[in-house]
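Visitor: I would like to learn how to read a model like this one. Where do we begin?

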Amino acid sequence: MCSRERTGDRDGLDPCIPFSDLRSGRGGPTPVAHRASQRAGLDIAAPPLCPSGGRGRLAVDVRPAHAVTSPAAETERAPWEVQIRRGMPSQRGEIVTYRVPRAPKQTVLDVVTYVQRHLDATLAYRFACRVGMCGSCAMTVNGIPRWTCRTHAARVATGDRLRLEPLRNLPLVKDLVVDMSVFFEKWQRAGGVFRPSPAERSERSERRRPTPSSRARRGTDAGIECIACGVCYAACDVVGWRPDYLGPAALNRAWTLVNDFRDARRGERLAAVSGEDGCHCCHTLESCTRHCPVGISPTAAIAGLKRRSTLALLRTAAGRDE
Amino acid sequence: MSNSRIECWLYVLQRSSGLLLAPLVAAHLATMVYAARGGLSAAEILSRTQSSVGWSVFYATMVLLATVHAAIGLRAVVHELTAWHGPSLDLAALVYAIVLLVLGGFAVAAIS
């Protein structure tokens with residue numbers, strides 16, 4: 001039976017969560033996160049329809065593959081060999097190895113937290129919500145950028161080994177913490193702030209509401225769930241080659257606003273994303289889409305920006321300004 | 001013209017020139033395979049190309065498209081693989097385009 005009481009039980013196997021809780025992140029990952037996590041081989045099982053649930057309810061099976069073993073068997077296995085790149089920006093960053101006991105359904109963030117609380121209090125790392133909402137716990141796990149709070153260690157470890165490093169393409173602060181300033185500055189440069197049109201500023205009765213089924217609104221919805229974790233930015237090779245490139249997250253944000261008719265900066269934003277370090281630099285390598293933990297396709301957003309900016313250019317050349 | 005507009009134009013020119021180049025390159029390769037069957041010689045090639053103004057137009061178009069495509073592409077590659085970018089790189093890419101155009105022009109003139 002579906003039971004709200006089991007929702008918060010991390011070891012529970014059948015939390016049946018109202019859809020509203022899924023969307024808010026209280027009961028588990030969002031549906032879009034399920035799709036992405038499945039594709040990325042992560043631990044969050046796809047949400048089958050709850051056989052006994054009422055309308056609007058989804059059953060979320062949070063069992064990882066190794067959960068078929070009993071919790072006791074899990075804790076009896078060899079401890080994790082956790083290799084963490086430590087150091088300040090001025091240092092090369094040495095790899096320090098820790099032994100962390102296993103626990104059932106242990107996430108990578110759980111492992112890092114264990115190290116910090118029991119083995120080495122000087123370890124610096126960042127987290128906040130632990131439920132895949134805030135986007136602050138991303139780091140490189142065995143060479144791949146991931147959100148660590150929703151990544152089970154058993155699924156991504158190589159044998160018993162976990163190698164944790166800071167995100168690529170961002171300046172190091174210390175250990176596993178990177179400076180996200182440049183990441184968010186690029187959101188600003190790409191025109192990532194909504195500026196309401198005059199109609200939007202007018203009385204509520206005069207405002208138009210977006211039609212959810214419209215093509216433009218679907219374009220916005222496809223990218224609106226971004227949690228700004230920086231995984232796509234770290235995965236992007238073009239950012240590595242061209243440090244000034246705006247990056248997938250900022251361009252994805254711009255695309256959600258270009259599709260929003262209530263915004264007053266469309267032309268300005270298209271110009272902002274079409275510069276030397278804008279959307280036309282993208283090589284469509286799709287690393288951002290491959291690694292996005294919430295299933296967004298920044299590649300598609302960037303393709304949309306390329307298309308829209310090119311059309312605007314041709315319209316201007318033909319003397320038909322938008 | 002603003003920087004974003006120039007970059008957008010370069011993007012359009014590079015993609016469209018690549019699109020048009022693809023069939024021309026395929027035809028060029030097919031012709032090479034066909035021509036090499038009976039032994040490759042300058043006389044044989046010239047007899048074919050000089051017999052029709054179409055070949056001159058074909059190769060002149062190819063040179064023009066390759067000039068546009070290669071210069072813009074090289075500018076992007078150099079920017080990504082080295083720290084070199086800005087007006088000096090733009091100038092270098094322009095010089096490269098002129099060199100390609102002149103050399104290609106000589107080649108087309110020679111077979112016409």
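Guide: With burial in chain A. This is a predicted model. Chain A holds 322 residues, and 43% of them count as buried.

Visitor: Which secondary structure elements does chain A have, by number?

Guide: Chain A has 14 helices and nine strands. Look at its contacts too. Take those between residues at least 6 apart in sequence: 63% join residues at least 24 apart.

Visitor: How many residues are in the largest nonpolar core, and which have the most contacts inside it?

Guide: That core has 63 residues. A:V82, A:V111, A:L251, A:A254, A:V273 and A:L305 have the most contacts inside it. Helix α11 of chain A, residues 248-258, gives the most to this core: seven residues. Now zoom in on A:V111. Leaving out residues up to four places away in sequence, A:V111 touches A:W80, A:V82, A:V100, A:Q106, A:A153 and A:L162. Another core, of nine residues, lies apart from the largest one. Its members include B:L10, B:V68, B:A71 and B:A76.

Visitor: Next, strands. Which way do the residues of β5(A) point?

Guide: The general idea: side chains in a regular strand alternate between the two faces of the sheet. Here β5(A) covers residues 138-141. A:A138 and A:T140 point one way, A:M139 and A:V141 the other. All are buried.

Visitor: What does β5(A) pair with?

Guide: With β6(A), residues 144-147, in the antiparallel sense over four bridges. A:A138 stands opposite A:W147 of β6(A). The hairpin of β5(A) and β6(A) has two residues between the strands, and A:N142 takes a positive phi near 50° there. β5(A) is also joined to β7(A), residues 161-165, by two bridges, again antiparallel. In β7(A), A:L164 is the bridge partner of A:V141.

Visitor: Why does A:N169 count as buried?

Guide: Because 20 other C-beta atoms lie within 10 Å of A:N169, and the cut-off for buried is 20 or more. A:E286 has 16 C-beta neighbours inside 10 Å, so A:E286 counts as partly exposed.

Visitor: Now chain B. How far does α3(B) reach from its first C-alpha to its last?

Guide: It reaches 41 Å over 29 residues, close to the 42 Å expected at 1.5 Å a residue. Its buried residues are B:L65, B:T67, B:V68, B:H69, B:A71, B:I72, B:R75, B:A76 and B:H79. These pack against α1 and α4 (87-111) of chain B.

Visitor: And the interface: how many residues of chain B are in contact with chain A?

Guide: 12 residues of chain B are in contact with 11 residues of chain A. On the chain B side, α1 (3-36) and α3 (53-81) each supply at least two residues. The largest share, eight residues, comes from α1(B). By class, that side has five nonpolar, four polar and three charged residues.

Visitor: What ipTM does the predictor give the complex?

Guide: The ipTM is 0.83, and the pTM is 0.79. Chain B averages a pLDDT of 92, with 99% of the residues scoring at least 70.

Note on methods:
Residues numbered from 1 in each chain as written. Chains lettered and ligands numbered in written order. Predicted model: local features only at pLDDT ≥ 70, side-chain atom pairs only at ≥ 80, totals over all residues. Contact = placed C-beta atoms within 7 Å. Nonpolar A, V, L, I, M, F, W, Y, C, P; charged D, E, K, R; others polar. Buried ≥ 20, exposed ≤ 12 C-beta atoms within 10 Å, placed from the backbone. Pairing = 2+ DSSP bridges. Expected span 1.5 Å × (residues − 1). Core = buried A, V, L, I, M, F, W, Y, C linked by C-beta atoms within 7 Å. pLDDT = per-residue confidence, 0-100.
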